[in-house]
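Dear colleague,

Please find below the structure that I am handing over to you, with its sequence. A summary of the findings follows.

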Amino acid sequence: PDGPPFTLKHRSPCLHRPLATEGMPSSTHKVNWRQSPKELAFSLPLVEGARAKDIQFKLTSLQLSVAVRGEVILARTFFLPCKPDDSTWEIEEAAGGGRQLRIGISKAKPNQPWDCLFIDEVDDSITNCAFMDISIGGVPAGRVVFGLYGKACPRTVENFRCLCTGERGSVKVAKKHRLRLHFKGTCFHRVIPGLLCQGGDLTHDPNGGGGYSIYGPTFEDENFKIKHTGEGQLLMANFGVTNNNHSQFAIALSKIKEFETRHVIFGKVTSGMQVLRAMEFEGSGEGTPARPVVIDDCGELDGKGEPIVELGRGDEFDQSAACDDVAATN
């Protein structure tokens, strides 16, 4: 075929993403793609008669531009960095007739899964708003409001939202013990200036050693679609263990390298940064706050910014129902 040689280094089964569109792609259309441990591959349909000399192919570690006879058919930014020197393309016959440009992109970090091919495929629109009324040392400090990315991380958002409203009641975790699935009354047990404010331990362990989700003791890392950009981002706390999410969460106080790949980011602070700064002032290098930082009240807000009154399920919440929800979602 015309063009540089194209060789996929791995022939093992690839992970497919059904993102097809018909006709010639534009700079914003999604494309079919698949990935192996080291590479990503996708094809672009070509106009009739297009040859290698008609292709203008420009690739950097983060951006790709493809033009045919001077007309741009794709110009996008990748979800993660790639290796331009190890990436290839070729013109080949398409299965349905005609010709197509087959592109192989080498991952900068082998074995790192990509949740998307291009960064603009991530829908970070806010679907829900939750609030927490904070007190410091028993004195009301104000309200923090979170915008939640329900389209990017629906399961993670639903867990956080329900724990804010308390609508799931309580769950039996031992023969004579039920655990209330509600953030109200819990504290921020770990506050490190310039790093994070961490809370959400429903067991009220002063050292933050516990937690529980609406799906059970833990649930998996949903995805890492949302990129870490800095202060105010809301993310899951997982004790540094993969697929170990529960009720604990953290609010970033700055851009931290660890948050870029190891924690699911599912929301951001939309108002109340001054409260967050007051909380940060109580922190220490070890993380223990100087005074108790407590969630006095919490819940969900409607479109007008008013708290939504939840009828809830009471304390007879059936944990098996939550497990059924997980099975139905998977």
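Two strands are taken to pair if DSSP finds at least two bridges between them. Please keep in mind that this is a predicted model.

By that criterion, strand S9 (residues 128-136) pairs with strand S10 (residues 139-148): nine bridges join the two, and they run antiparallel. One of the residues involved is Met-132, whose bridge partner in S10 is Val-144. Two residues lie between the strands of this hairpin, and Gly-137 has a positive phi there, near 60°. S9 is also joined to S18 by eight bridges, again in an antiparallel arrangement. Here Ile-136 has Val-293 of S18 as its bridge partner. S9 is mostly covered, with eight of its nine residues buried.

These strands belong to an open sheet of eight strands, with antiparallel pairing and the order S13-S14-S16-S15-S17-S10-S9-S18. Strand S13 (190-192) and strand S18 (293-301) form the edges, each pairing on one side only. On average, and with direction ignored, neighbouring strands of the sheet are turned by 25° against each other. Elsewhere in the sheet, strand S15 (residues 233-236) and strand S17 (residues 265-271) run antiparallel and are joined by three bridges. Gln-233 has Lys-268 in S17 as its bridge partner.

Among the buried residues of H1 are Arg-155, Asn-159, Phe-160, Arg-161, Cys-162 and Cys-164. Gly-166 follows H1 and has a positive phi, near 75°.

How much space lies in the largest pocket? The value is about 450 Å³. The pocket is lined by 22 residues, of which Leu-80, Gln-112, Lys-227, Glu-260 and Thr-261 are the closest to its centre. By class, its lining consists of 11 charged, seven nonpolar and four polar residues.

Yours sincerely

Notes: Residues are numbered from 1 along each chain as its sequence is written. This is a predicted model: local features need pLDDT of at least 70, side-chain atom pairs count only at pLDDT 80 or more; totals for chains, interfaces and linings use all residues. Side-chain values use heavy atoms; hydrogens and water are left out. Buried means under 20% relative accessible area, exposed over 50%, partly exposed in between (1.4 Å probe, protein chains only). Helices (H or I, at least four residues) and strands (E, at least two) are DSSP runs, numbered from the N terminus. On a 1 Å grid over the protein atoms alone, a cavity is a set of points where a 1.4 Å probe fits but cannot get out, and a pocket is an open set with protein on both sides within 12 Å along at least five of seven lines; lining residues have an atom within 4 Å of a point. Grid points are joined across faces, edges and corners, and a volume is the space filled by probe spheres set on the points. Ala, Val, Leu, Ile, Met, Phe, Trp, Tyr, Cys and Pro count as nonpolar, Asp, Glu, Lys and Arg as charged, and the others, Gly among them, as polar. Axes are lines fitted to C-alpha atoms, for helices over the stretch in contact, and angles run from 0 to 180 degrees between N-to-C directions.
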